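Hi,

Here is the structure I promised to pass on, with the sequence alongside.

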Amino acid sequence: MSEVEGSALFANSPFKQLSKEQLDAKKNIEEVVIKFLEQKDDSSKIIKVEGMAGTGKTVLMSALFKDLYDYLHDVNDFNHNAPSIALLTRQEQQLKTYSDLTKKLNMNNTVFNVSSFINKNEKKKVILVDEGHLLWTGNYRRAKSEIWKPDLEALINLADVIIFVFDPNQIVSGKSYLNNSLKERIDSAETFRLKDQWRIEAPAEVKDYIQGIADFSRDSLSAPTPKTDNRNRGTDDYDLKFIDSASNLYDIIKEKNATVGLSRVVATFDWKYSPSKNKAESTGYWYVEDNDFKVPWNLQLDMVKSAQKKNIPWQEIPESIDEVGSIYTVQGTDLNYVGVILGPSIEYDKNNRSLRVNPDFSESADAKNVFETVKQDSNFSDERIKEYRIDNIKHAVNVLLTRGVHGLYIYAVNEELRNELMKLND
């Protein structure tokens with residue numbers, strides 16, 4: 001049972017018990033969708049689901065997807081080989097999880113990568129988009145300029161109703177930059193908000209403490225970690241610790257993975273990695289390195305690549321414990337325990353007693369390039385571009401620090417930050 005509960009499939013199952021907040025949102029959204037579809041006019045409806053990381057947006061979307069799939073087939077008797085509903089995402093690991101889920105539920109031909117769906121150009125009655133903050137707003141040589149539209153605009157033209165998850169604090173790429181026109185479109189959508197944090201199974205003060213660090217909040221590093229004894233609520237203690245070396249962090253995560261599973265090390269994008277370029281034979285892989293720690297970046301080991309071709313999500317591949325995950329493999333996913341390596345781009349802000357970003361040490365493309373959608377905005381001065389880069393790195397750190405259901409371990413490469421963090425241990 002623990003293996004089942006620790007799987008991505010279980011975490012995203014439409015049959016997973018929802019909270020009252022999630023149930024209320026599901027009921028209200030379904031009522032809006034059904035009422036709109038019954039009008040049978042030529043307009044389109046946009047519904048937005050908002051919520052911070054860990055508020056259960058993906059589980060809600062999965063439940064909505066199953067209910068609306070059943071409704072459309074029951075009411076309209078659509079051919080199961082060509083259903084008039086689709087679930088889309090740009091997050092490749094989520095795509096693999098959803099594909100596995102729909103295969104087991106005999107909901108075939110319903111899950112797509114965003115770009116491939118747009119290219120198919122087949123209109124559906126309902127489209128659901130998970131991780132909608134990852135939608136691209138630029139062309140990036142994907143189509144002829146005269147026929148290209150931003151992802152959201154293209155999808156609106158392909159659905160009667162589009163339901164999408166959106167968290168502006170999880171925009172981690174310049175490719176997703178929103179100009180004023182797109183902001184207005186998103187802001188005007190009918191919105192349902194999730195507020196309760198469900199991923200992190202810990203007392204409220206622990207959740208708030210982690211979120212304060214993840215948000216780079218002032219004074220978030222000024223007090224020791226709160227006590228994490230959670231037994232009165234009937235759950236295990238939440239383990240929150242700051243670690244003195246990357247190697248020790250890795251050893252802790254490997255032990256957790258061996259005992260409870262679904263535990264991985266992840267890192268900020270501060271070491272070179274290009275999935276499209278192979279490393280020289282003498283080095284073999286792109287590595288995350290620090291002192292005696294040297295482990296390959298994600299999606300490089302042969303067994304991992306082989307499993308990915310079978311649609312197995314990165315975090316569920318046994319051999320991926322021998323890699324370091326990134327924002328691109330774990331955004332939108334749950335881990336039992338997560339070990340986060342804060343690379344050189346994350347420093348200590350002495351004045352604010354918080355984390356601070358130095359984008360000069362980041363290897364992220366967003367820290368190095370100016371994407372076309374940003375270039376086209378006349379309001380973007382050089383200083384504003386730097387601020388935007390810093391915001392994206394902050395968002396990535398937020399995502400990494402909020403993956404752990406039962407525990408979070410943090411190691412900082414920056415010596416000053418590491419020394420301050422070590423003082424915060426109980």
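Let me start with an open sheet of six strands, ordered S3-S2-S4-S5-S1-S6 with parallel pairing; strands here are DSSP E runs of at least two residues, helices are H or I runs of at least four, and both are numbered from the N terminus. Two strands count as paired if DSSP finds at least two bridges between them. Strand S3 (111–113) and strand S6 (190–193) each have a single partner strand, so one side of each has no neighbour in the sheet. On average, neighbouring strands of this sheet are turned by 20° against each other, direction ignored. Strand S2 (residues 85–89) pairs with strand S4 (residues 124–129) in the parallel sense over four bridges, and Ala-86 stands opposite Ile-127 in S4. Helix H3 (residues 20–39) packs on the sheet, touching strand S1 (45–50), S4, strand S5 (159–166) and S6; contact means heavy atoms within 4.5 Å. The direction of H3 makes about 160° with that of S5, with axes fitted to C-alpha atoms (for helices over the stretch in contact) and angles running from 0 to 180 degrees between N-to-C directions.

A word on the source: this is a predicted model, where local features need pLDDT of at least 70 and side-chain atom pairs count only at pLDDT 80 or more, while totals for chains, interfaces and linings use all residues. Residues are numbered from 1 along each chain as its sequence is written, and side-chain values use heavy atoms, leaving out hydrogens and water.

There is also an open sheet of four strands, in the order S7-S14-S11-S8, again with parallel pairing. Strand S7 (239–242) and S8 stand at its edges, each with a single partner strand. S11 and S14 pair in the parallel sense over seven bridges, and Gly-339 has Tyr-409 in S14 as its bridge partner. Helix H16 (residues 415–422) packs on this sheet, touching S7, S11 and S14, and its direction makes about 130° with that of S14.

Finally, helix H10 (residues 246–259). Ala-246, Ser-247, Leu-249, Tyr-250, Ile-253 and Asn-257 are buried in H10 (under 20% relative accessible area; exposed is over 50%, partly exposed in between, with a 1.4 Å probe and protein chains only). On the other side of H10, Glu-255, Ala-258 and Thr-259 are exposed. The buried residues of H10 pack against several strands, including S8 (263–267), S11 (335–342) and S14 (404–412). Just after H10, Gly-261 takes a positive phi of about 80°.

Best wishes
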